[in-house]
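Subject: Structure handover

Hello,

Here is the structure I said I would pass on. My notes follow it.

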Amino acid sequence: MAKEFIEKLVKEMTIEEKLAQMTQLSPDFFDTDESVDLTGPAKEMNIDTDCIKNVGSTLNAFGAEKLIKMQEKYLKENPHKIPLIFMADVIHGYKTIFPIPLAMGCSFNPDACKKAAEVAAKESSAAGIHLTFAPMADLVRDPRWGRVMESPGEDPYLNSLMTAAAVKGFQGEDLKENGKIAACVKHFAGYGAPEGGRDYNTVDISTGMLYEFYLPAYKAAVDVGVKMVMTSFNILDRIPSTANKKLVREILREKWGFDGVVISDFNSVGETLIHGVSENGEEAAAKCIEAGVDIEMMSTCYINFAKKLIEEGKLPMELVDEAVTRILELKDELGLFENPYKDANPEKEKELLLCKEHREAARDVAAQSIVLLKNDGVLPLKKGLKVGIAGPFATSRNVLGGWAGKDIENVVSLYEGISSKIPGTMIKTAMTSELGAMQEGIFDVEDRVDEACEQLADCDVIIAAVGESPSDVGEGASKAYLRLSPNQEKMIFELKKLGKPVIVVVFSGRPMEIKPVLGHADALVQAWFLGTESGNAIADVLFGDYNPSGRLSMSFPQTVGQIPVYYNCYGTGRPSDGTLQRYVSRYLDCPNEPLFCFGYGLSYSNFVYSGFKVEKDGEKIIASVSIENNSDIPGKETVQLYIRDVASSVVRPLKELKGFQQIWLEGGESKTVSFEITKDMLKFWNYDLEYVFEPGEFDIMIGRNSEDVMVERIKI
Ligand code: GLC
């Protein structure tokens with residue numbers, strides 16, 4: 001029925017109605033009372049009420065009651081009764097907020113990512129949302145870019161697993177099912193590689209680099225049936241993605257077989273003029289529709305200029321019909337023609353948002369996302385100790401991270417998490433002023449630090465809750481300096497002089513330059529922005545109720561001058577061997593290795609690796625290792641498999657993650673972990689962009705992180 005119904009509908013629609021269906025406007029356009037003359041953006045965008053009643057979708061409007069009303073009003077006006085799609089940025093939770101995706105990447109657990117998406121889908125669909133602009137799958141290597149927080153990290157294999165898991169969590173098996181929403185993988189493609197880590201800046205990567213590193217995670221989303229793809233702001237090979245026919249129509253649609261909807265990013269059709277590849281709105285409309293972009297988000301080149309192009313025979317009507325058909329098919333898959341409100345339900349919304357089950361899920365995923373970077377034995381803390389907490393994140397609830405809304409009253413702060421962990425035990429706090437004060441140096445650091453030291457002098461252990469301002473992460477949040485603010489560093493230095501153990505807990509949306517405080521910390525916990533249950537999850541780790549299992553999804557630089565630093569790099573012709581040779585690829589003033597490498601993280605257990613071997617078993621090649629938990633603390637270990645293609649027709653990374661297994665070991669327990677090495681694992685994109693296996697020598701590596709590995713070289 002659907003196919004014929006949609007074909008008939010497209011035939012009946014006028015060209016104006018089709019082009020409006022291909023346009024997405026913000027909700028204020030739909031809130032406007034008809035009698036009010038459209039001013040402001042509507043005037044600038046040269047659209048009128050006639051057009052608005054045919055626009056196909058809106059974004060970032062929330063709430064069951066509001067969206068039911070908006071849909072009702074819209075359907076009264078729309079001549080064909082085609083419902084709006086309500087799209088929104090539900091990135092790491094709707095009301096129950098989960099850790100930022102970069103932190104969830106550190107869980108190395110796709111199921112955790114899937115769970116977060118499932119909960120977000122349940123809550124947002126009850127609130128009337130039909131589709132989320134997530135998961136973001138941009139591979140990242142530069143923490144100066146504020147949007148690293150939205151990415152699963154620096155590795156294509158891990159990113160692919162986490163991205164596919166999120167799509168499955170959002171969409172389930174049937175979009176019509178209650179509690180499921182369509183997903184939109186973004187930002188296609190290569191948005192995570194802006195020069196200088198400066199948002200929206202030029203991206204200039206080779207096609208080989210694009211294929212090897214940046215495309216896999218988007219493809220993983222397509223392969224599991226993501227319903228929409230969003231093009232990115234940046235250029236790729238000198239053409240903006242949104243107007244890039246080779247990228248969208250040839251790679252995404254023809255090569256990968258994606259037949260879903262492609263949406264531009266916010267005004268990125270209009271921005272092709274600013275990039276300088278479109279002379280006017282007509283050219284922008286022609287290029288982006290020809291590239292295969294179906295929906296123009298928040299610019300109006302399509303509705304203002306495409307009709308003339310078609311009438312003048314410069315743009316085939318078939319391309320417009322194709323685009324409209326895909327949009328209507330998506331609405332049909334969501335069941336919107338039968339039920340334009342889908343799961344919008346005010347009562348259900350109240351019942352689901354922040355419910356106990358969802359908070360428990362958020363707490364569990366948050367604990368899995370915490371990475372223990374240093375521990376001189378002070379952790380886990382014993383109950384009964386007098387605890388001092390100092391710093392801007394001691395009592396702050398502003399730990400949701402970007403794309404998470406502003407209402408933080410339901411968030412558990414670190415102070416609250418620790419208090420509920422050790423009721424009745426003395427907990428003192430100091431220098432808890434909001435980060436702004438810490439950063440802007442509004443107060444005289446000397447006074448406040450001296451005061452803090454006096455206040456906390458009688459504590460048995462001190463927790464320094466530090467980090468970056470939550471408003472310093474996300475879109476448009478690029479930074480050239482990555483150290484903690486001077487006030488915070490000074491606070492740590494002075495507190496350490498009290499002679500008590502100091503545990504530094506870092507709240508950030510990116511790897512920060514933490515080397516200056518590392519020597520003053522007896523333990524260092526990377527707590528990211530963990531969302532609603534942040535304080536409880538951190539307390540679970542600090543007191544050992546959760547044995548930390550997080551492993552870094554992105555390298556931590558020694559210093560910002562070292563960026564980009566990432567594990568899966570090429571070897572160069574003059575690799576440094578760590579000595580002070582001059583004429584090799586190294587800095588005079590900094591090691592080549594990051595401060596903490598991809599895959600790194602400590603546990604309270606002591607996992608001992610032994611018996612590593614690589615064996616041929618007939619056609620099969622099996623790499624195996626034995627791991628013993630040489631402690632009495634049960635824990636989870638992420639055993640990582642890396643491979644290096646020693647010589648091939650193009651250079652290959654020094655190592656690439658090709659697998660990992662998470663094992664649980666009771667105290668004293670041992671297990672053997674095996675990986676089958678398949679030829680598929682060894683394939684890569686050659687110079688002619690063929691995906692090939694080339695026989696030769698390979699280094700097979702297994703280890704607890706990307707640096708601490710055991711190696712065997714074999715011929716395959
Ligand atoms: C923004 C972001 C994109 C987001 C969209 C809608 O500019 O780049 O990630 O989904 O606009 O809010």
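Where is the place of asparagine 244? Asparagine 244 sits in the loop that runs between strand S8 (239–240) and helix H12 (245–255). Please keep in mind throughout that this is a predicted model. With a relative accessibility of 7%, asparagine 244 counts as buried, because the limit for that class is under 20%. Apart from neighbours within four places in sequence, asparagine 244 is in contact with Leu236, Ile239, Arg249 and Ala291.

Ligand

The ligand has 14 residues around it, and Asp89, Arg147, Lys186, His187 and Asp265 come nearest. By class, the shell divides into seven nonpolar, two polar and five charged residues. For aspartate 89, a polar side-chain atom is 2.5 Å from a ligand oxygen. For aspartate 265, the corresponding distance to an oxygen atom of the ligand is 2.6 Å. A side-chain N or O atom of asparagine 60 lies 3.4 Å from a ligand oxygen. On its own the ligand has 310 Å² of accessible area, and the protein covers 94% of that.

Two of the residues named above are also paired with each other. Lysine 186 and aspartate 89 form a salt bridge, with 3.2 Å between the closest N and O atoms.

Backbone

One runs from lysine 186 to histidine 187, with omega near -5 degrees; histidine 187 is in strand S5 (residues 182–188). The other runs from leucine 379 to proline 380, with omega near 0 degrees. Proline 380 is in the loop between strand S11 (371–375) and strand S12 (387–390).

Aspartate 237, with phi of about 55 degrees, is in the loop between strand S7 (235–236) and S8. Leucine 354 has phi near 65 degrees and is in the loop between helix H17 (346–352) and helix H18 (356–369). Leucine 354 counts as buried, at 16% relative accessibility.

Helix H10

Six of the eight residues of helix H10 (residues 207–214) are buried, so H10 is largely enclosed by the rest of the structure. The buried ones are Met209, Leu210, Tyr211, Glu212, Phe213 and Tyr214. They pack against several elements, including helix H9 (156–171), helix H11 (216–223), S7 and H12. Strands S20 (656–665) and S22 (684–685) are also among their packing partners.

Other salt bridges

The count of salt bridges comes to 48. One of them joins lysine 53 and aspartate 50, at 3.0 Å from N to O. Lysine 53 is partly exposed at 26% relative accessibility, and aspartate 50 is partly exposed at 45%.

Another joins aspartate 458 and lysine 428, at 2.9 Å from N to O. This pair links distant parts of the chain, 30 residues apart: aspartate 458 is in the loop between helix H21 (445–456) and strand S14 (461–467), and lysine 428 is in strand S13 (residues 427–430). Aspartate 458 is partly exposed at 37% relative accessibility, as is lysine 428 at 26%. Finally, salt bridges with shared partners connect Arg249, Arg253, Asp294, Glu322 and Arg326 in one network.

Regards

Technical notes:
Residues are numbered from 1 along each chain as its sequence is written. This is a predicted model: local features need pLDDT of at least 70, side-chain atom pairs count only at pLDDT 80 or more; totals for chains, interfaces and linings use all residues. Side-chain values use heavy atoms; hydrogens and water are left out. A residue is near a molecule or strand if one of its heavy atoms lies within 4 Å of it. A polar contact is a pair of N or O atoms within 3.5 Å; within protein, one must be able to donate a hydrogen and the other to accept it, and residues adjacent in sequence count only if both atoms are side-chain atoms. Accessible areas come from the Shrake-Rupley method with a 1.4 Å probe; for residues, only the protein chains shown count as cover. Ala, Val, Leu, Ile, Met, Phe, Trp, Tyr, Cys and Pro count as nonpolar, Asp, Glu, Lys and Arg as charged, and the others, Gly among them, as polar. Helices (H or I, at least four residues) and strands (E, at least two) are DSSP runs, numbered from the N terminus. Buried means under 20% relative accessible area, exposed over 50%, partly exposed in between (1.4 Å probe, protein chains only). Contact means heavy atoms within 4.5 Å. A salt bridge is a side-chain nitrogen of Lys or Arg within 4 Å of a carboxyl oxygen of Asp or Glu.
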